[in-house]
Amino acid sequence: MSAAKVASFGFKQAELVALGKNLKKINAKLAKKEAEPEISFRKLPYDLISADIIEKIAKNLQGKFDALVVVGIGGSDLGAKALARALVMPNNRLFFIGDTTDPNSLNNLLAKISLKKTLFYVVSKSGETLETLANFIYLRDKVIKAVGLNRHKDHFIITTNEKSGKLLEICKKEGYALLAHYPGGGRFSVLSVNGLLPAAWLGLDIKKLLSGAREMDKMAKNDNWRENLPFIYAALHYLGYKKRKQNIAVLMPYLEALNSFSFWYRQLLAESLGKKYDLKGKLVSIGITPIASAGPKDQHSQLQLYNEGANDKIFTFIRAEKPVVDFKLPLYKNFGLEFLAGKSFDQLLKIEQLAVANSLMKNHRANATLILPEMNEYYLGQLFQFFELATVYLGELLGIDVFNQPGVEDSKNLMIKMLNE
Ligand code: PA5
């Protein structure tokens, strides 16, 4: 990403040094806000008491049900999905519904589960989201028909805020189990019960996850920008956006397990940074557009654009140093394919990523690579906290409120109004 590699499309050391001088002030501002609900996502990695309770609940559920279905959308399901899919292979009896009202999705889900043996985990911070409520109402009715009115309540756990909303009202009047939503927003909620309960249900080590996130959080308390990775990452994107019109951020993991992670990242960046007004109320219409890409498949569908189209993007690759499994290619003679003999699939993956990074560099396209020592709960925890913190830093540098989303709420309200009419 440096000018030494990508000429005028990269940052100069002096720019970074100058920006680094703001870090102490930004960290002090964030520390002062510590008690505010929005920033409370930073406390999640330290909350081992909740982790203990969640582990116990999950264990108890595993004995009673053979499938868990998360009913939620946006910040209420993308984190759990990213987490679950990063570390566990398919066929794990964890399902997601609620991010659509496409009837086919419901139909597909119902074909895969037995209502009598399924627990539905309904998550909505506001408790008012149409897609979530519609799926909940429908599934509730189905479960009542399957197990009876009295027993159906055992099949639902609800997470919503403790102050107001339809779901809270329903919980209070109908007596469904309630696990309170942490005080902050959905897109920063992956390390709260929202993500941890499904993860613990799968048998993931949620304490290891939190410990990785804690390490990253501690790193971000460092006022020396050279030792603060989330800040460096944010600063590089800020410089690209402000000085070089790089207003698109492409996330391209070379790990299939992170495909859902990219969709979590997409929401985090888009909703946090896409803002009409700055903190002073000035009209700025600001935003960095996130693109969820995937290597190596997008080499064969997007790379032409990335390499030769408008130079308005910053690329981030993610790869793991140590593969979970690996396979070696056998010798296949007589067709000029001997060079592949003995090479492993993971070796190919690394070469593919390196070749793409180099070819982007040759075309002066700024890119960075995040290397995880291996893909496990610990490094995944680091990764979640890394992107959340980098997003908060980016918001601070841009002078905007990363925690609100009036543009989402507007359409939500309009939808309810239209349905009522
Ligand atoms: O970030 C946001 O606020 C939204 O994308 C929400 O996560 C999404 O609309 C779901 O909202 P809720 O959790 O209130 O159902």
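Student: Which ligand atom does a polar side-chain atom of S126 lie 2.6 Å from?
Tutor: In this predicted model, a polar side-chain atom of S126 lies 2.6 Å from an oxygen atom of the ligand.

Student: And what about the side chains of S124 and T129, how far is an N or O atom there from a ligand oxygen?
Tutor: For S124, an N or O atom of the side chain is 2.6 Å from an oxygen atom of the ligand, while for T129 the corresponding distance, again from a side-chain N or O atom to a ligand oxygen, is 2.5 Å.

Student: How much of the ligand's accessible area does the protein cover?
Tutor: On its own the ligand has 380 Å² of accessible area, and the protein covers 91% of that.

Student: How many residues surround the ligand, then, and which are the closest?
Tutor: There are 13 residues around the ligand, with S76, S124, S126, T129 and E271 being the closest; sorted by class, the shell consists of eight polar residues, four charged ones and one nonpolar one.

Student: Where does the ligand lie relative to the two domains?
Tutor: The ligand lies between them, because domain 1 (3–32 + 212–408) and domain 2 (37–204) both contribute residues to the shell around it.

Student: Which pocket is that?
Tutor: The ligand sits in the second largest pocket.

Student: Switching to cavities: how many are there of 30 Å³ or more?
Tutor: The structure holds two of that size, and the largest cavity contains about 50 Å³ of space.

Student: What lines the largest one?
Tutor: The lining of the largest cavity is made up of Y233, H237, A249, Y265, L269, F387, A390, T391 and L394.

Technical notes
Residues are numbered from 1 along each chain as its sequence is written. This is a predicted model: local features need pLDDT of at least 70, side-chain atom pairs count only at pLDDT 80 or more; totals for chains, interfaces and linings use all residues. Side-chain values use heavy atoms; hydrogens and water are left out. A residue is near a molecule or strand if one of its heavy atoms lies within 4 Å of it. A polar contact is a pair of N or O atoms within 3.5 Å; within protein, one must be able to donate a hydrogen and the other to accept it, and residues adjacent in sequence count only if both atoms are side-chain atoms. Accessible areas come from the Shrake-Rupley method with a 1.4 Å probe; for residues, only the protein chains shown count as cover. On a 1 Å grid over the protein atoms alone, a cavity is a set of points where a 1.4 Å probe fits but cannot get out, and a pocket is an open set with protein on both sides within 12 Å along at least five of seven lines; lining residues have an atom within 4 Å of a point. A molecule sits in a cavity or pocket if more than half of its atoms lie within 2 Å of its grid points. Ala, Val, Leu, Ile, Met, Phe, Trp, Tyr, Cys and Pro count as nonpolar, Asp, Glu, Lys and Arg as charged, and the others, Gly among them, as polar. Domain bounds come from an automatic or database domain assignment. Grid points are joined across faces, edges and corners, and a volume is the space filled by probe spheres set on the points.
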